[in-house]
Amino acid sequence: MQVFKTYFRLLNAYKGIIIMYFVIFIAVALVMTSNSSLATNSEMSSEVTKLDIAIIDKDCGTLGTALRGYFGETHNLIDIEYEEEKILDELYWRKINYVLVIPEGLEESLLNDNVETMSFESMKVPGMFEADYFEAELKLYIQKLTGLLAAGYSMEDAEEELSRLQSQKAEVSFASFVNKKQNDACTIFFIYAPYLFITLGMNGVGVILLRFNARDVKDRMECSALTMKERVAGISAGILVFGLIMFAVILVIAGILSGGSIYADMRFPFFLLNLFSMLVFGLSLGFLTGTVAGNNEAVNGLVNIVSLGLCFLGGVFVPQQFFSDTIVKVSRFFPTYWYVATNEMIGEMKKLSSGLSGEIFSQIGLVFGYALVIFAITLVIISSQKTRRK
Amino acid sequence: MVVKIENLVKRYGDLLALDHFNLEIEEGEIFGLLGPNGSGKSTTINCLLALLEYDKGNIEIFGREMTPKSYDIKKDIGVIMQNVAVFEELTVYENIDYFCGLYVKDKAKRKQMVEEAIEFVDLKDYRKFLPKKLSGGLLRRLNIACGVAHKPKLIILDEPTVAVDPQSRNKILEGIQNLNQEGATVIYTSHYMEEVEQICTRIAIMDKGKNVAIGTKDELKAMIDLGETISVEVLELPDELKEEITQLPHVIQVHYENHLLKVKFSKGKHNLLRLLDLLKEKEAGFGGVHSELPTLNDVFLEITGKELRD
Amino acid sequence: MQHFWYRIKMMLRTRSAVFWAVLFPIFLGMVFYFMFGNLGNAEQFSEVPVGVILEKENDIFIELLKETEMEEGLNMFEVYEYDSKEKAEDAMQKKEICGYILVKGEDFSLVVKKMDISSSLIKTFLDQYKQNYLMIEDVAKNKPEQMEKLITSLDSDEGVAVENISLKGQDKSPYTQYFYALLAMACLIASMVGLENGLKIQADLSAVGARRNVAPTGKMQQIMTDFFASLFIYCIMMTGVLAVLVFVYKQDFGNNTGFILLGTWAGSFVGLAAGNMMAVVFKGSKTKKEGLNVAFFMTSSFLGGLQWGDITYVLEKNCSVINRINPATLIVNAFKSLAVFGDYKQYAVNMITLLAIGVLLLIISILKLRRTKYASL
């Protein structure tokens with residue numbers, strides 16, 4: 001009991017840092033959850049995200065009106081002056097995703113089938129997926145438009161025809177085994193749990209163990225009447241309670257995000273198990289840190305490298321769907337990858353098929369396995385340190 | 001006059017650390033500030049060095065007012081703090097050079113001074129050691145070297161011998177006397193009365209932020225009534241005999257416990273003889289006899305009514 | 001000058017503060033290099049596996065689906081045919097296909113698992129097919145004589161081109177900003193050293209501080225010596241870190257490398273000044289101040305987009321003032337506006353703000369330290 005109490009007394013000294021990581025985590029998770037274009041508590045929709053588009057018409061003809069009319073249906077049109085610096089600023093802060101400029105005389109050359117000489121102008125942030133997507137849409141529109149013009153349509157008729165066709169879209173539905181809530185707030189929120197578990201595992205467990213492991217404290221404890229068993233039990237209980245507090249916080253936030261519905265969800269037990277595996281992994285990392293790190297500065301340094309490294313490679317901060325095959329090959333070595341993959345699988349499942357459960361459980365098992373390995377490595381290090389001191 | 005402190009008052013919240021404290025120190029002295037822990041010795045030193053804010057009073061060093069910016073005064077002061085104040089990352093030589101460099105800009109001159117300081121504290125074999133590799137005593141010696149390398153005219157030592165082994169302690173005390181002989185005025189604080197008695201030319205006894213007594217050790221001892229304490233091993237001491245001893249001339253106090261008779265006499269002659277004669281006469285068997293002259297502890301005890309050491 | 005070199009010696013001997021500031025960006029830089037190095041190369045497209053169930057034959061559609069090319073020699077889709085929904089869904093669950101198309105003559109419906117890039121691609125293809133089909137049907141009805149021209153036009157690749165008014169920057173990868181955030185954090189870690197400088201000059205916080213206070217060398221001179229010695233080391237370290245990013249991790253900063261180097265120096269300046277300020281201004285123990293310091297550079301880095309690059313955009317909408325004063329954001333934005341937009345004005349504005357913050361922090365420390373006596377030691 002004494003050791004257990006001491007654990008939390010020591011933890012109290014580091015509450016500032018622990019609270020900070022909590023706040024960073026909650027900020028990351030909540031902001032991303034609420035900003036994720038996919039995350040909604042309503043059922044998943046197949047609509048494409050609306051972009052903020054500016055169309056600057058220097059030509060002042062029917063083409064501009066046509067484009068505005070057409071793309072105004074599916075995107076947000078932003079009014080902006082043609083002023084390069086201002087546009088750069090707007091692009092920079094992503095208040096605008098794409099700026100299309102219709103140069104003077106474009107419509108005329110289009111009508112005269114003299115398209116080689118003229119072109120649209122655009123401004124976009126390079127490498128931004130949404131902007132490229134919009135550009136592809138634009139090109140398809142122009143292709144159809146020129147086709148119709150070639151076929152002798154007037155600009156107005158072509159515009160009308162294309163607007164009519166715009167609504168003709170393939171029907172999209174989701175497979176029967178898919179849970180339409182797959183992108184609900186909780187599923188997205190849970191993706192970020194590894195960051196909390198790893199940073200706080202290393203800080204809340206690592207730093208405290210470091211204090212217990214300090215030579216003089218350790219010697220004093222070894223001389224004390226406490227048996228080894230009592231000490232280990234006390235520290236373990238401390239770690240366990242600390243872990244459970246983190247766990248509880250995650251669950252409470254999930255409850256708030258889902259309005260309580262997550263607790264009744266059939267996916268909940270699986271989420272819980274997956275989260276728990278990550279928690280155990282985070283605590284095991286803390287255990288290792290407390291043993292190998294020499295001082296607080298080292299812990300602070302390690303926390304950042306390990307937590308950010310694992311989270312980036314695991315697809316916590318950058319979605320796994322953007323990973324190339326090469327990265328996936330590397331990422332598969334990290335438990336965070338499996339955690340995120342499992343989280344996604346659980347999120348999209350509706351009922352547990354035998355094939356799916358096998359996969360989910362084996363992936364969760366893998367994360368537990370990693371935790372076990374780290375735990376074992378730590379024990380080996382501890383026992384080797386002991387022999388060295390003799 | 002090297003140091004002059006007038007009516008110094010320093011409060012820490014409700015605690016009155018210095019209560020209208022006065023002190024004057026002449027050139028060439030080894031001046032001891034003696035007092036129990038918490039009596040205000042370090043506070044006095046820190047005020048003197050213009051590190052601490054104080055509520056009232058004047059401080060002059062070398063006849064000029066001491067302020068944080070009195071660089072011309074500071075350059076002639078050497079300080080050895082209670083806590084070891086060295087850089088963990090610098091070696092013995094580098095530490096001394098670093099601190100000496102804050103006083104002496106001339107490179108060649110400094111180099112010589114650093115060498116002399118290393119010689120002085122006898123750390124020649126350790127010049128490339130980092131502080132963490134030094135034992136407690138050696139570390140204290142380094143601490144002293146850092147404070148005196150620039151050959152100050154006034155050296156202030158605040159408990160420099162705390163937690164130091166006897167050998168290092170003697171070296172330190174010897175060194176202080178050497179510095180004094182070379183012309184430095186020394187202020188030395190300690191709660192070890194033996195040290196203070198051993199080296200100080202003048203001593204102030206502090207208690208509760210006040211200067212309760214000041215003078216040479218003989219002057220201090222003369223201030224009190226106690227002349228000597230005579231201890232005699234007596235197997236048995238009847239109460240009547242004890243009463244008779246009390247009646248002897250010059251006796252202040254008689255104490256008998258565990259077969260040991262302790263008699264305190266005021267100044268006077270033949271005290272021992274009279275006591276022993278009486279014991280012989282009453283046929284009280286006695287063994288070893290031991291006579292002690294008063295210590296500073298006795299001075300402190302008599303003035304404040306408590307022991308110097310807690 | 002002697003003390004300048006001694007401070008440098010001390011920093012090199014302590015290692016940890018220097019060590020982490022260098023190790024952190026190099027290590028995470030490696031992670032980013034592996035991840036974004038590949039991501040940046042335009043998400044190398046591979047054929048999207050798609051299932052087809054023919055409820056009513058449509059040979060033209062199937063042929064088009066199979067033959068449409070993403071680019072020369074690379075098909076857009078890899079087509080698998082199934083005879084029942086069950087089989088197709090089973091394949092989908094096993095991740096063999098991304099979705100399947102139910103073909104009912106000229107009517108299609110798409111079944112997917114979720115809306116991601118692959119599903120969007122299939123959907124766009126279907127939409128376009130459907131719209132083109134209807135358009136051709138309309139033209140055939142209204143102007144049958146012009147059919148040929150329409151088909152020719154649709155078939156030809158010629159159309160009005162979209163020309164990008166190229167932004168002046170050369171950076172085309174959206175992920176480079178993570179490298180910038182990394183550099184920003186590396187700079188701000190300098191605050192650990194700044195904190196140490198601040199602690200070791202104060203008599204009430206360290207024994208060494210007391211000794212330095214009683215010396216006849218002014219405090220200002222001592223602080224500045226330490227400050228510039230630390231800055232000197234940090235500038236060298238940042239140069240090294242940047243060299244690793246450029247030469248080992250092949251981060252191409254183009255012509256801007258020099259400006260980025262300058263930026264990291266300015267960042268280190270702010271980091272050091274911030275640490276110094278925290279040691280001097282705030283009350284509390286050394287541990288407490290160290291905690292505060294970690295909180296400072298982590299929070300600043302977080303707001304600058306270390307964990308999540310888009311945070312600055314969210315802040316810009318809700319609380320843009322943070323983007324104007326947060327040191328990490330200023331560093332990242334200075335680099336990004338340069339690399340992506342070639343915008344030297346933005347770079348200059350950010351740098352000047354950064355330096356102004358650094359100078360301000362330094363002035364605060366100095367003013368506070370001028371109060372030269374301590375209430376208690």
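## A cavity lined by chains A and C

The second largest cavity is lined by Phe177(A), Met345(A), Glu348(A), Met349(A), Leu356(A), Gln93(C), Lys95(C) and Lys113(C). The model is a predicted one. By class, this lining comprises four nonpolar residues, one polar residue and three charged residues.

The volume of the second largest cavity is about 90 Å³. In the structure as a whole there are eight cavities of 30 Å³ or more.

## The second largest pocket

The second largest pocket has a volume of about 1400 Å³. Two or more lining residues come from each of the following elements of chain A: helix H9 (193-213), helix H10 (215-223), helix H11 (228-258), helix H12 (268-292) and helix H16 (354-389). Of the contributors, H16(A) gives the most, with 10 residues.

In total, 44 residues line the second largest pocket, and those nearest its centre are Leu209(A), Asn213(A), Phe287(A), Thr291(A) and Ile382(A). The lining of this pocket divides into 25 nonpolar, 10 polar and nine charged residues.

Met266(A), Leu273(A), Leu352(A) and Phe361(A) together make a nonpolar surface patch of about 300 Å². One of these residues, Met266(A), is placed in the loop between helix H11 (228-258) and helix H12 (268-292) of chain A. Both of these helices also give two or more residues to the lining of the second largest pocket.

Met266(A) has a relative accessibility of 34% and therefore counts as partly exposed.

Asn296(A) belongs to helix H13 of chain A, which comprises residues 296-314. The relative accessibility of Asn296(A) is 26%, so this residue is classed as partly exposed.

How far apart are Asn296(A) and Ala264(A), in sequence and in space? The two residues are separated by 32 residues in sequence and by 42 Å in space, taken from C-alpha to C-alpha.

## Chain B: overall features

Chain B contains 11 helices and 14 strands. Along the principal axes, the C-alpha atoms of chain B fill a box of roughly 75 × 45 × 35 Å. Chain B has 310 residues, of which 53% are buried.

Asp122(B) is found in the loop between helix H4 (107-121) and helix H5 (136-148) of chain B. Asp122(B) counts as partly exposed because its relative accessibility is 30%.

His259(B) is likewise not a glycine and has a positive phi, of about 65°. The position of His259(B) is in the loop between strand E12 (251-257) and strand E13 (260-266) of chain B.

Technical notes. Residues numbered from 1 in each chain as written. Chains lettered and ligands numbered in written order. Predicted model: local features only at pLDDT ≥ 70, side-chain atom pairs only at ≥ 80, totals over all residues. Heavy atoms only, no water. Patch = residues over 30% accessible without salt bridge, like charges linked within 9 Å, V, L, I, M, F, W, Y side chains within 5 Å. Areas by Shrake-Rupley, 256 points an atom, 1.4 Å probe, with all protein chains shown as cover. Salt bridge = Lys/Arg side-chain N within 4 Å of Asp/Glu carboxyl O. Helix = DSSP H or I, 4+ residues; strand = E, 2+ residues; numbered from the N terminus. Buried < 20%, exposed > 50% of the residue type's maximum accessible area, 1.4 Å probe, protein only. 1 Å grid on protein atoms, 1.4 Å probe; cavity = no way out; pocket = protein on both sides within 12 Å on 5 of 7 lines; lining within 4 Å. Points joined across faces, edges and corners; volume = space filled by probe spheres on them. Nonpolar A, V, L, I, M, F, W, Y, C, P; charged D, E, K, R; others polar.
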